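This report covers aromatic pairs and helix packing in one protein model. The sequence and structure come first.

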Amino acid sequence: MKSYNIAVIGGDGTGPEVVREGLKVLRAAAAKFGFKLNTTDFDFGGERYKRTGEALPDSAADEMRKFDAIYLGAIGHSEVKPGILEKGILLRLRFELDQYINLRPVKLYPGVACPLVGKGPEHIDYVVVRENTGDLYTGAGGFTMKGTPHEVAVQSSVYTRFQVDRCLKYAFEYARKHGKKARGKGEHNTLALCGKTNVLTYVYDLWERAFHEMGMKEYPDIKREYYHVDATCMWMVKNPEWFDVIVTGNMFGDIITDLGAITQGGMGIAAGGNINPEGVSMFEPIGGSAPKYTGKNVINPLASICAGAMMLDTLGESAAADAVEKAVMDVTAHKLKGLGAGKMGYSTTEVGDLVAERI
Ligand code: IPM
Ligand code: MN
């Protein structure tokens with residue numbers, strides 16, 4: 001029997017609660033589809049940091065490389081200054097494991113209330129390919145004269161052609177395999193670059209040139225579009241059905257995927273994968289640790305369950321991944337009252353049961 005070794009980082013707040021339900025569902029899928037999941041827990045998070053003063057042991061990335069995938073709950077603790085855990089755990093793992101793609105599907109499931117008037121599941125079904133290693137996230141910058149009236153703060157958006165090219169390649173390939181045409185839902189597969197070429201005339205100039213060069217040479221079958229990031233936000237609200245696959249830099253990708261998430265029902269459902277196509281990838285709900293709901297059994301585990309489905313897909317268990325997604329869709333369509341914490345009509349564990357019993 002095939003088996004996969006999964007590193008599990010429950011993390012902070014509601015992270016462990018949602019991961020528990022995710023694993024419940026993944027185990028049901030494994031039993032049904034004939035594979036095994038061996039899980040190993042890691043205690044990275046705010047509590048460990050408070051106890052040891054260390055966000056992540058230096059050996060963590062090497063340790064993680066021994067696994068087939070990482071399943072993460074949430075990072076962020078109310079008693080730890082913002083930035084320490086995010087940079088010290090989440091971003092550090094993304095960087096050290098070179099998870100250069102952050103794949104974030106924006107898909108409205110049946111029965112989910114959408115805040116966009118007149119839009120349904122047929123309108124909201126696209127994917128954002130967020131570059132995950134460069135941009136404002138590299139830490140390039142600093143202060144001078146800190147604390148004085150003349151203080152200067154600089155934080156730079158940094159991209160290399162190599163980073164841009166490998167991200168674009170992934171996005172074009174993704175569009176070819178999973179775009180609207182490939183899914184029988186449109187005339188062509190489309191990749192839209194989201195940038196800001198009218199102001200960020202270096203970084204997004206590089207992106208735009210690389211985008212068209214690669215598209216013209218290697219992906220003539222894929223329709224190319226370009227949108228400025230501000231306009232992208234507008235169209236994501238007004239005409240989300242225009243989008244198929246969007247590719248963008250790290251910072252814009254961070255921002256537009258929160259917007260995308262709210263159009264698909266919010267943080268209770270939105271999932272993502274930090275992907276290293278040549279290495280080990282890490283799957284997580286895109287929302288945070290939700291401290292105020294911690295331990296109350298009210299948080300929505302569907303985002304974590306959907307992240308688990310993405311993990312199965314990446315491991316090559318696509319039938320099991322589809323089964324998990326179908327089960328989630330059945331639960332949103334026929335069971336849940338809402339997706340917000342405490343508003344589902346069911347507890348966290350009950351939602352996990354509902355999905356698991358449908359596999
Ligand atoms: C996300 C989060 C992170 C990010 C934070 C917590 C560092 O917002 O995964 O989108 O900015 O990437
Ligand atoms: Mn974010």
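## Aromatic pairs

Y159 is buried, at a relative accessible area of 10%; buried stands for under 20% relative accessible area, exposed for over 50% and partly exposed for values in between, with a 1.4 Å probe and protein chains only. W207 is buried as well, with a relative accessible area of 0%. The model is predicted, so local features need pLDDT of at least 70 and side-chain atom pairs count only at pLDDT 80 or more, whereas totals for chains, interfaces and linings use all residues. Residues are numbered from 1 along each chain as its sequence is written, chains are lettered from A and ligands numbered from 1 in the order in which they are written, and side-chain values use heavy atoms, without hydrogens and water.

Rings of Phe, Tyr and Trp (its six-membered ring) pair if their centres lie within 6.5 Å; planes under 30 degrees apart are stacked, over 60 edge-to-face and the rest tilted. The count by this rule is 12 aromatic pairs. In one of them, the ring centres of Y159 and W207 are 5.3 Å apart and the planes stand at 90°, so the pair is edge-to-face. Y159 sits in the loop between strand 7 (152–155) and helix 5 (161–178), and W207 in helix 6 (residues 203–218), 48 residues apart. Helices (H or I, at least four residues) and strands (E, at least two) are DSSP runs, numbered from the N terminus. Y159 and W207 also belong to one aromatic cluster with Y204 and F252.

## Helix 9 and helix 10

Helix 9 (residues 302–315) packs on helix 10 (residues 318–334) at about 160°, with the axes 7 Å apart. Axes are lines fitted to C-alpha atoms, for helices over the stretch in contact, and angles run from 0 to 180 degrees between N-to-C directions. The two helices are therefore roughly antiparallel (under 35 degrees is roughly parallel, over 145 roughly antiparallel, 65 to 115 roughly perpendicular, the rest oblique).

The contact (heavy atoms within 4.5 Å) involves L302, I305, C306, A309, L312 and D313 of helix 9, and S318, A320, A321, V324, V328 and T332 of helix 10.

## Helix 1 and helix 9

The axes of helix 1 (residues 15–33) and helix 9 come within 8 Å and cross at roughly 45°, and the two helices are therefore oblique to each other. V18, V19, E21, G22, V25, L26 and A29 in helix 1 meet S304, I305, G308, A309, M311 and L312 in helix 9.
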